[in-house]
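Here is a short report on how a protein holds its ligands. Look at the model first, then read on.

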Amino acid sequence: MRILSGIQSSGRLHLGNYYGAIRQWVRYQDQGDAYYFIADLHSLTSVKDPKARLEFTKDAVLTLLSFGIDPARAAVFVQSHVPEVTELYWILGTLVPLANLERAHSYKDKIARGMNPDFGLFAYPVLMTADILLYDADVVPVGKDQVQHIEFARDWATKFNVTYVPGYDPQDPTGKEKGHAPGLLKLPEARLEEATAVVPGVDGQKMSKSYGNTVDLFGEDKDVKKKIMSIRTDSTPVEAPKPTADAPLYDLLKLMAPTPADFAEVERAWREGGRGYGDFKKKLLEWFHAQLDGPRARRQELLGDWGHVERVLADGAQRARATATPVLQAVKRAAGL
Ligand code: ADP
Ligand code: TRP
């Protein structure tokens, strides 16, 4: 099984990125051949400061390695180090119906938030599809907001196969039946962990760097504390039972509890009443450190050995290109290029 996923270098990574995406990546690296990359080409759509981009790319690589992505098992690389992806992107772009791009949720959300759309933002899902198809990925672990993009990737891979693979039947994509040819581009599947599909931010909306409601994974201690203390709560009195619906503090406690027994104890107090929100926030802060101080320390160590990180990326890009090159060659041959 080939596993592939990417994360943009467009800001500092937060709890939503870890619990919604990276944690699954760590698990998946034991289940097959994994490819994980930093989508710096995608970050061009939102970050126009080159220094910041390099900084975010560095930060993202350190994050992956400090949470246990193991370069011996997974190829870890930077998207722009494999230029083949932009060639496939163009070829696919000529097969993508405009109407698909017009109904992309992420695009519509970004415009709704006042972003001035350019061609790159509009074409974002086409580049993401190229990322996935170039490596023959079987599964793509992502958060909920990315699922539609994986569906596009399936549709457009099918479109390519129908257009350029003689004998391809979309009802039989692997060509099992006589007279059918297998697809050249493989149809990927999204993998989503329901429990952490949406991690809430301190204001209760989806945690996202564009909403300014994040708790950063590697923030300074005092900033982490400030963020956790600012989690939105209601005016339920200390003695009263607390509501569990629309309660970001409750959801984050559940997410970060070191063990189910730890959570059960907190949950009892939450439902019985007698403890104030301030106490629960202190508990969350304690759990944040219990869960993240290990990776935070490893990150410091890696910072002191940047040569190692660069070797990891060079090796990752080499492995990625070795996989990508034959796929792109076959695509070009099929398309008469
Ligand atoms: P952001 O919304 O902060 O810009 P990205 O879009 O760069 O985050 O997301 C990178 C990865 O992290 C994606 O796979 C995405 O689904 C996941 N992710 C981001 N925020 C959350 C969240 N609040 N809950 C669950 N997963 C998330
Ligand atoms: N669009 C993804 C995000 O914002 C990042 C990404 C780019 C990606 N290419 C990908 C994720 C390919 C999975 C597969 O999080």
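## Two ligands and their surroundings

In this predicted model, a nitrogen atom of ligand 2 lies 3.0 Å from an N or O atom in the side chain of Gln 146. Ligand 2 on its own exposes 360 Å². The protein buries 91% of that area.

Where does ligand 2 sit? Its place is the largest pocket.

How many residues surround ligand 2? The count is 14. Among the closest are Met 128 and Asp 131. Gln 8, Tyr 124 and Gln 146 also belong to the closest group. By class, the shell of ligand 2 holds eight nonpolar residues, five polar ones and one charged one.

Two further side chains make polar contacts with ligand 2. A polar side-chain atom of Gln 8 is 3.2 Å from an oxygen atom of the ligand. For Tyr 124, a polar side-chain atom is 2.6 Å from a nitrogen atom of ligand 2.

Now turn to ligand 1. Its surroundings comprise 18 residues. The closest are His 14, Asp 145, Val 199, Met 207 and Lys 209. Which helix gives the most residues to this shell? Helix α1 (residues 15-28) does, with four. The shell around ligand 1 contains seven nonpolar, eight polar and three charged residues.

What part of His 14 comes close to an oxygen atom of ligand 1? A polar side-chain atom does, at 2.7 Å. Met 207 uses its backbone: an N or O atom there is 2.9 Å from a nitrogen atom of ligand 1. Lys 209 also uses a backbone N or O atom, which lies 2.8 Å from an oxygen atom of ligand 1. Taken alone, ligand 1 exposes 530 Å². Of that, the protein buries 93%. Ligand 1, too, sits in the largest pocket.

| Residue and its atom | Ligand atom | Distance |
|---|---|---|
| Gln 8, side chain | oxygen of ligand 2 | 3.2 Å |
| Tyr 124, side chain | nitrogen of ligand 2 | 2.6 Å |
| Gln 146, side chain | nitrogen of ligand 2 | 3.0 Å |
| His 14, side chain | oxygen of ligand 1 | 2.7 Å |
| Met 207, backbone | nitrogen of ligand 1 | 2.9 Å |
| Lys 209, backbone | oxygen of ligand 1 | 2.8 Å |

Note on methods. Residues are numbered from 1 along each chain as its sequence is written. Chains are lettered from A and ligands numbered from 1 in the order in which they are written. This is a predicted model: local features need pLDDT of at least 70, side-chain atom pairs count only at pLDDT 80 or more; totals for chains, interfaces and linings use all residues. Side-chain values use heavy atoms; hydrogens and water are left out. A residue is near a molecule or strand if one of its heavy atoms lies within 4 Å of it. A polar contact is a pair of N or O atoms within 3.5 Å; within protein, one must be able to donate a hydrogen and the other to accept it, and residues adjacent in sequence count only if both atoms are side-chain atoms. Accessible areas come from the Shrake-Rupley method with a 1.4 Å probe; for residues, only the protein chains shown count as cover. On a 1 Å grid over the protein atoms alone, a cavity is a set of points where a 1.4 Å probe fits but cannot get out, and a pocket is an open set with protein on both sides within 12 Å along at least five of seven lines; lining residues have an atom within 4 Å of a point. A molecule sits in a cavity or pocket if more than half of its atoms lie within 2 Å of its grid points. Ala, Val, Leu, Ile, Met, Phe, Trp, Tyr, Cys and Pro count as nonpolar, Asp, Glu, Lys and Arg as charged, and the others, Gly among them, as polar. Helices (H or I, at least four residues) and strands (E, at least two) are DSSP runs, numbered from the N terminus.
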